[in-house]
Amino acid sequence: MKLPESIRVIERGWLSANNVVLHERGEAVVVDSGYGAHAAQTLALLETALRDRQLDRLVNTHCHSDHMGGNAAIQRKFGCRTSIPEGEAPLIERWDEQALLLAIADQRAERFRYDDTFRDGDTLRMGGLDWRVIAAPGHDTHAVMFHSPEARVLISGDALWENGFGVVFPQLFGRDTALAETRATLDAIARLEVDTVIPGHGRPFGGAGAALERAFYRLEGYEEDITRLARHCAKVMLSFSLLEKRSMPLAELPDYVARVPILAELNSRYLRMTPAEMAEWLVSELERAGAARREQGLLLARGD
Ligand SMILES: [Zn+2]
């Protein structure tokens, strides 16, 4: 993959978003900080990637727990300046657990402070390159991407992955323009000159064309039938919880899906199953996708 030498991608998994380290001379910037439970690992990976450079600035594509969960730990260790998208600032200021999808999604993040904000149309200097800030509403209304026309690289966050994009949460919970915003964001990517996409999850990939085609196809499915998005969202939420907990007692899952607000709301609005039915359906879907397996009364995450 053709990336400038000043860009180093620390590829993580699904619980923690990738960290992108951009360096210029003795200073460095990191984009996104991973999930809180991984903070120690994130610090260690960053230290290795930075070598003797100073971490000057931490920047977030958006403020979901898997992208900003390590912010507080990074600030403590490196004392760096922290910059977030303008639209996220009020949520971070009042630490809006609901809008940040924390407790209501059974997710956690340590509260952090920010120093400044950026918005669509701004230019950020990172790794010796000028990056244009591009609004990327859809998955998160306030999310942004960073595009370097010179390097022809796009840091896409959760707006575009090699296979899909982040769950369009707002559409499911009251913002009925979010699928249209997702489409506009994908259209905006299609207009950019891009050789390499650095996504929030998964490896960097070449070009955006094939990924965009897959993304538009997926989006059309949601536009046709919103319950597809609701089912996808429920699976993603449980997978994420399972990745954090590594195992969950099967007998407790009906109570879990009834108790975690985002799952309960998906069920009452779209799925309309009993908690026991929803739990069983989710487990079989995760098994089918190879994301989990049952063993001795437990649901185990892949790899355990
Ligand atoms: Zn996200």
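Two strands pair if DSSP finds at least two bridges between them. In this predicted model, strand β10 meets that condition with β11 (residues 196-199): four bridges join the two, and they run parallel. Along this pairing, V153 stands opposite T196 in β11.

**The six-stranded sheet**

β10 and β11 belong to an open sheet of six strands. Its order is β7-β8-β9-β10-β11-β12, and the pairing is mixed. In general, strands of a sheet pair through backbone hydrogen bonds, either parallel or antiparallel. Here the edges are β7 (123-126) and β12 (205-206). Each edge strand has a single partner, so one side of each is left without a neighbour in the sheet.

At the β7 end, the pairing with β8 (residues 129-135) is antiparallel and spans four bridges. T123 faces R132 of β8 there. The two strands form a hairpin with two residues between them. In that turn, G127 has a positive phi of about 60 degrees. β8 in turn pairs with β9 (residues 144-148), again over four bridges and in the antiparallel sense. A135 stands opposite V144 in β9.

With 33% relative accessibility, G121 counts as partly exposed. Setting aside residues up to four places away in sequence, G121 touches R132 and V133. The C-alpha atoms of G121 and V133 are 5.4 Å apart, although twelve residues separate the two in sequence.

H62 lies in the loop between β4 (54-59) and α2 (65-68), whereas D158 lies in the loop between β10 (153-157) and α5 (169-172), so the pair ties together parts that are 96 residues apart in sequence.

**Nonpolar cores**

In soluble globular proteins, nonpolar side chains tend to be buried together. The largest nonpolar core in this model has 54 residues. L160, L186 and L263 have the most contacts inside it. Elements giving two or more residues to this core are α5, α6 (178-190), α7 (209-224), α8 (226-245), α9 (253-259), α10 (261-271), α11 (275-288) and β15 (298-301). The largest share, seven residues, comes from α8.

L263 shows how such contacts are made up. Beyond residues up to four places away in sequence, L263 touches A234, M237, Y256, V257 and M278. Another core lies apart from this one and has 19 residues, among them V31, V59, V144 and F146.

R57 is found in strand β4. R57 is buried, with a relative accessible area of 10%. What does its side chain meet? A polar contact of 2.8 Å joins it to the side chain of S83. Leaving aside neighbours within four places in sequence, R57 is in contact with A28, V29, V30, C80, R81, S83, D116 and L124.

Most residues other than glycine have a negative phi. R25 has a positive phi of about 50 degrees although it is not a glycine. R152 is likewise not a glycine, and has a positive phi of about 55 degrees. R25 is placed in the loop between β2 (19-24) and β3 (27-31), and R152 in the loop between β9 and β10. R25 is exposed, while R152 is partly exposed.

The table sets out the accessibility of the residues discussed.

| Residue | Relative accessibility | Class |
|---|---|---|
| R57 | 10% | buried |
| R152 | 28% | partly exposed |
| G121 | 33% | partly exposed |
| R25 | 74% | exposed |

Technical notes:
Residues numbered from 1 in each chain as written. Predicted model: local features only at pLDDT ≥ 70, side-chain atom pairs only at ≥ 80, totals over all residues. Heavy atoms only, no water. Core = buried A, V, L, I, M, F, W, Y, C linked by side-chain atoms within 4.5 Å. Buried < 20%, exposed > 50% of the residue type's maximum accessible area, 1.4 Å probe, protein only. Contact = heavy atoms within 4.5 Å. Polar contact = N/O pair within 3.5 Å; in protein donor to acceptor, adjacent residues only side chain to side chain.
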